[in-house]
Amino acid sequence: MTALLEVENLTKTFHVSRRRQVTAVKGVSFQIEKGRTYGLVGESGSGKSTVARMIARLTEPTSGTVRFDGADVTRLDRAARQQYRRDVQIVFQDPFGALNPRMTVADLIMEPLQVHRRGTAKDQRDRARALVDHVGLGAAALEKKPVDFSGGQRQRIMIARALALQPRLIVADEPVSALDVSVQAQVLNLLKDLQEAFGLSYLFISHDLSVVEFISDRIGVMYLGDLVEEGDKRDIYANPREEYTRSLIEAIPTIEERP
Amino acid sequence: MLRYLAQRLLALLPTVAVPLVLVFLLLRLAPGDPAAILLGDSATPDQVAALREQLGLNAPLWEQFGRFLGDVVTLRLGDSLFLGKPVVDVIPDYALVTLEISVIALIVALALGIGLGALAAFRNGRPAGRVATALGIIGISVPQFVVALILIVVFAAWLHWFNVGGFVPMSKGFWPHLRSITLPALSLGIAESAFVARITRGAILDVVREPFVTTARSLGVPPRRIGAVHVVRVAALPIMTVAGLLVASLLSGSAVVETIFGVPGMGRLLLDAVGRRDYSLVQGIVLFTGLFVIIVNLLVDLSYSVVDPRVRLGRKSA
Amino acid sequence: MSAPLLQVSDLSITADTAGGPYDAVRSVDFALDRGRALAVVGESGSGKSLTALAIAGLLGEKLTPSGSVRFDGRELIGMGAADRRAMAGRRIGFVFQEPMSSLHPILTVGQQLEEGLRAHFDMNRRQRADRVRELLDIVGLGKARDIRGDRIGQLSGGMRQRVMIAMAISCEPELVIADEPTTALDVTLQRQVIDLLGSLRERLGVALMLITHDLGVVAETCDEAVVMYGGQVVESGPTATLLHDPAHDYTRALLMSIPVLGDDRPRLPTVASIAPWLRDARQDAAALRPVTELVTVAPGHRVRREAEGVAA
């Protein structure tokens, strides 16, 4: 079974000034299977967000390939590129900055449909209504503006918006890091429910290993641009092979038992 | 630091080009033949043709510009048509008077404006602060000549501390000279201080809300020191920007007070020259003023890097 | 047994909002002994940060505290500004959450570290410089390059947090209040800060009041904890009890909704699923009606329950 997304030797170098350059991502390779979640974990500066942005085509890779459904995404014709933009959606960390405060929730969710010219205005409205239900917000939310909602609710709005174009892969860059603990649980549960309901694949990026382990099937650990270790989630925790992975696990403050 | 200076000087070139090009085009864009304008209505066609040849007006435009630049650099700016003297001889005396008035006005504007603005900020919401803010708003709304007239009525007509108008040159004594320019300078300064006050108030209020001020409070730093050290360093920057803009504003505003008080400054000179179509003189004054403002703003730029070294290091402010 | 260093009784904080007065914090009680560590746990809107600011005397103008906060026997609520200033930094130190915005952008590290010293001690320039060097050493910034002349923009996140901590302890306070000191940090930096706070307690004998939502951090650093929800204390007691045998639904829900390594659960229980009558903590404390009170269920362990004899 071909993987949905294959990343091979992905590299990104930034030119900071005339003479200095920074290689944020150094030859990273991994795969995401259909309907599965790949968790990319690392600390600040590890390059994980840059990987996310390259896959979402917000940044061009310096070298390496990204293959979606077998096709190289950098070599797509215009129609295929448009399709890729529908197939792959991104959800960001900051629920306060990522939503235009002057647009209603309905506008926000319909906007991707309008940009890609999907359906009539009525179709778009219906879809928006269906999506707010899927993410657990009532239809009453449609006419409100982001300021009326809490952080967790705004994150749900972002997810609804990401689902509008029926994507196959969602890149989630630290989607729960800015949320309170109890709200975090709700959003994580929601992501899992949606994955089951729609057969979504996720690239889930976070610095929190516990969260990543909960939501992912496979985990990749990044450190200063390198993918230092990769494996099934249980393996990573039970038998970490790399020094860095071990130190990451040990650094997590723990409550030894749970009720 | 030197590298920063060099960068700023390099950036200056395009800015300096603007007044030069504008002045160059000034004469040539006016309707009619420049030579005919210069000679006036009584000139014969032959005289006009001769002047055209003499001024090189028949050469291609870029060649004329080249000559123009050469003239500027060597200070060959022509003669004032009405005063009969070379422009470069006329300007300095008038410029000096305007500069004196402007410097005093600048000091007044900054002292009064910053003081009022700081009062409005630190006593925000309380009676003293409200009064200060109100004064600032009134001050911005009142034109310079009204301020000037009020000062004349109060200090010259009623109190007789100063004469109503009349200029005394430096040669007739330092103190009489100073007295004759005090009211004009004050009018200008007071009128401009309102703007400084508003900017100062805004800048300080913004900074006082910042978390690092709370940190200073958590250490027990006395309020006076928080204001003088922590707040000022950050609030100073927008105020310095305003000071730079102020210079340009003062130079143009001086025309008004010079006219009211009968002071022979550059503002009045320019007004008269424009009225009399004394192109050479207009050209000279515009060039001088333009370059002066540019240099002052360069100095303001450089002093930023002293107050906030991050500017020099090329880092973005937080 | 000596009196506690910090005794908070019936502390309430009222906010003056556009819609009228709002009780942001209601009737909070807890105590902290010398040299011990207490965690104040809660999510956004629980009032934990406001409580900390009230103790340190750093509340903004529109917030009014009432009740009693006794520090070493002295009443802090209603204390004059000059007395408060004398205590700020010298007896109570504060570590703020976001070092990037809580440190001065232009003044150098050295200059900022001297501010507390200037406010409370009569030291000459050399003495201050020595003390600054000592402080940097204590927080682990002594060995690497000399950062005293740097500005905070030139430092990494972890270094900034250490500078923040150095500032808080610069005048040898007896109590250090740390507001979410690890929240903005990566996990390895978090570990370093946790270890640093622990070593400071050992070396300097300071009492620590840690504001956080991270129960893992609480487990590793604090002896006692106070759980806040909707502006009130819902449970308080020894950390071990709260984490392993919590009596209040909110505490239980909080514990269960956190994913931990090796977790096999397909879904996380949420506060909403365990205790549906407790809504989003951001909402009004109406969620805690009917009338409740703190009840002692075991020595040192108190839980908020419905008051006796009150119909639901």
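**Strands and helices in a predicted model**

Tutor: In this predicted model, strand 1 (residues 6-17) and strand 4 (residues 63-71) of chain C form an antiparallel pair with eight bridges.

Student: What makes strand 1 and strand 4 of chain C a pair?

Tutor: Pairing needs at least two bridges, and these two strands have eight bridges, so they count as paired. One such bridge links C:Val8 to C:Val69 in strand 4.

Student: Why are strand 2 and strand 5 of chain C called edge strands?

Tutor: The open sheet of four strands in chain C runs in the order 2-1-4-5, with antiparallel pairing. Strand 2 (20-32) and strand 5 (74-75) each pair on one side only. Helix 1 (residues 48-56) of chain C packs on this sheet, where it touches strand 1, strand 2 and strand 4.

Student: Why is helix 10 of chain B called roughly antiparallel to helix 12 of chain B?

Tutor: Helix 10 (residues 223-261) and helix 12 (residues 279-307) of chain B pack at about 170 degrees, their axes 9 Å apart. Angles over 145 degrees count as roughly antiparallel, so helix 10 of chain B is roughly antiparallel to helix 12 of chain B.

Student: Which residues meet there, and of what class?

Tutor: Among them, B:Leu237, B:Met240 and B:Val247 of helix 10 meet residues of helix 12 including B:Val293, B:Val296 and B:Tyr304. By class, the contact has 12 nonpolar, five polar and one charged residues.

Student: How do you know that chain A and chain B are not in contact?

Tutor: No contact joins them, and their closest C-alpha atoms lie 11 Å apart. Of the two pairs of chains in contact, chains A and C share the most contacts.

Notes: Residues numbered from 1 in each chain as written. Chains lettered and ligands numbered in written order. Predicted model: local features only at pLDDT ≥ 70, side-chain atom pairs only at ≥ 80, totals over all residues. Contact = placed C-beta atoms within 7 Å. Axes fitted to C-alpha atoms, helices over the stretch in contact; angles between N-to-C directions. Parallel < 35°, antiparallel > 145°, perpendicular 65-115°, else oblique. Nonpolar A, V, L, I, M, F, W, Y, C, P; charged D, E, K, R; others polar.
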